[in-house]
Amino acid sequence: MNLSQLDTLAQDIIIRAGERIKQSLHKEMTITEKSSPSDLVTNIDMETEQFFVKEVSEALPEHRLLGEEGFGDTITDWDGYVWIVDPIDGTTNFINQQRNFCITVGIYKDGVGELGYIYQVMTGELISAIRGQGAYQNGVLLPRLKNVEFEDSLIGVNASWVAPNRHIDHHQVAKLIKRVRGTRSYGSAALEISYVVTGRLDAYFSMRLSAWDVAGGMVIANEVGALCGTLGGGEFDLLKKQPFIIANPALFEELVKDYLIS
Ligand code: 2AM
Ligand code: CA
Ligand code: CA
Ligand code: CA
């Protein structure tokens, strides 16, 4: 199967997974706490991931799958093809709002992101990318990002920017927030990444994200010239939970050096 056929298959599975989620909204769901009362999972998160595991293993038995809910494979290396899947990114939004959540998938080959997807289920917006072939919004080529100034920028923030934490200097963050045009908070990392790659936000930062939150988004980011990394500006390690930053190329370095590293 070539990359274009793999892309068609992946898009088909993602759209069908989204249909199943939409149908599930009419039924009662089961909500379970994971690590804390704000860290929830529903039966729909789990059933959606199981759907991916079934579809991928039937079509491509040699491909492995890493999913947030743990129904895929245990991944300790990146040999061969690995699908990195977040079946519902923004579970709290899914539960409380029945919108503003995404399915996001990255398909990596030997550790290199080849295909990336962020599907906003309730609006039908699908951002997709094949490495080296550009990023698309429902089939329409996305332009590369134009440089922006801090003063004209909108940045995605979440509680980890403002609640005290040992990683960042809150006086610097307050200066940043005063300098930019505005801040927004959407509650789904993948949704916010999709907003950065389409220029609706100019940066997004979160304190503790995992491979499944960002794998698809990083492939898309490359195709539009958005820069991704972790605190210190280094590469995001897909085997670790760590801070994640995505930004317009004109903002990335200054954002990390002057505002985020304490
Ligand atoms: P999730 O909905 O797939 O869990 C805001 O909560 C964003 O941070 C979401 O994209 C969410 O992904 C992600 N996130 C990562 N780890 C989280 C955690 N422990 N609790 C809540 N959200 C988490
Ligand atoms: Ca979760
Ligand atoms: Ca997630
Ligand atoms: Ca999730």
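**View 1. The shell around ligand 1 takes its largest share, 3 residues, from β12.** Strands such as this one are DSSP runs of E with at least two residues, whereas helices are runs of H or I with at least four residues, and both are numbered from the N terminus. The model is predicted, and local features need pLDDT of at least 70, side-chain atom pairs count only at pLDDT 80 or more, and totals for chains, interfaces and linings use all residues. Residues are numbered from 1 along each chain as its sequence is written, while chains are lettered from A and ligands numbered from 1 in the order in which they are written. At least two residues of the shell come from each of β4 (81-89), α3 (91-97) and β12 (203-209).

**View 2. Asp39, Asp89, Thr91, Ser188 and Ala189 come nearest to ligand 1 among the 16 residues around it.** A residue is near the ligand if its C-beta atom, placed from the backbone, lies within 6 Å of it. Domain 1 (3-141) and domain 2 (150-260) each contribute at least three residues to the shell, with bounds from an automatic or database domain assignment.

**View 3. Helix α1 (residues 3-24) has the buried residues Leu6, Asp7, Ala10, Ile13, Ile14, Ala17 and Ile21.** These buried residues fall within an arc of 135 degrees seen down the axis of α1 (the arc of the directions from the helix axis to the C-beta atoms), so they line one face of the helix. A residue is buried if 20 or more other C-beta atoms, placed from the backbone, lie within 10 Å of its own, exposed if 12 or fewer, and partly exposed in between. The face of α1 turned away from the buried side carries the exposed residues Ser4, Gln5, Thr8, Asp12, Glu19 and Gln23.
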